[in-house]
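Hi everyone, thanks for coming. Let me put the sequence and the structure up on the screen.

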Amino acid sequence: MTDNELIAGCIRQDRACQEALYKRFYGKMKGVCLRYAKNHDEASDMLQEGFIKVFTSIRNFGFKGSFEGWVRRIIVNTSVDHLRRNKHEYMIVSTVYAREGDIPDAAEEVEEDNLLNNLSEEEILYAVSQLSPAYRTVFNLYVMEDLPHKEIADQLGISEGTSKSNLAKARFQLKKNLNNLIKQADGERTTTR
């Protein structure tokens, strides 16, 4: 079935179309949720809540842009809403503003790219998952969703400066996490020789 056929079926509340749409986007959208969640159970909750919103608002899809992008936006917004609702549990946001030296320069970004070339996608996702929820959320919204700091600040109810600071701290921590993974992998390679 095409996206348009699935959309039409979902508007009619056809269970087979809803199931087909869910199966078509499950893997990608679960991956999106995992980037924001602290564990698989929380990601599953976010995903379920997101798909409920997709099905209840599908008649509002205006056929402008890709349908997958529309679904993704709902899933991301649902994940961020989930984090905001549970902010008191674990969403500690830095209120220290980024200083000029906190923002990576071109040489640091090249070094980060070189780190990434030595690791698998799973290792990188693991390193990102080890960030605090606040840092992980800002990192994902800025890097993965390509949102500007103003929009991130509005979504999370923080200042732009805090968003920038959290991104800088997330990059620093991520770099540390990635270096540790590389050292660990190098140590394992040396012991197996």
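Predicted model: local features only at pLDDT ≥ 70, side-chain atom pairs only at ≥ 80, totals over all residues.

Let's start with α4, which covers residues 67–85. How far apart are its end C-alpha atoms? Quite a few residues of α4 are buried, including Phe67, Val71, Ile75, Val76, Ser79, Val80 and Leu83.

So what does α4 meet in α2? On the α4 side, the contacts include Phe67, Val71, Ile75, Val76, Ser79, Val80 and Leu83. On the α2 side you'll find, among them, Leu21, Phe25, Met29, Val32 and Tyr36. The two axes come within 10 Å and cross at roughly 40°, so we call α2 and α4 oblique to each other. The crossing is right-handed.

Now the other partner of α2. Helix α1, residues 3–11, packs against α2, residues 15–36, with the axes 8 Å apart and an angle of about 135°. α1 and α2 are therefore oblique to each other as well, but here the crossing is left-handed. From α1, Asp3, Glu5, Leu6, Gly9 and Cys10 take part, and they meet α2 residues including Cys17, Ala20 and Arg24.

Look out for Leu21 and Phe25 in α2: they're in the contacts with α1, and they turn up again in the contacts with α4.

Notes: Residues numbered from 1 in each chain as written. Heavy atoms only, no water. Helix = DSSP H or I, 4+ residues; strand = E, 2+ residues; numbered from the N terminus. Expected span 1.5 Å × (residues − 1). Buried < 20%, exposed > 50% of the residue type's maximum accessible area, 1.4 Å probe, protein only. Axes fitted to C-alpha atoms, helices over the stretch in contact; angles between N-to-C directions. Parallel < 35°, antiparallel > 145°, perpendicular 65-115°, else oblique. Left-handed = near helix turned anticlockwise from the far one by under 90°. Contact = heavy atoms within 4.5 Å.
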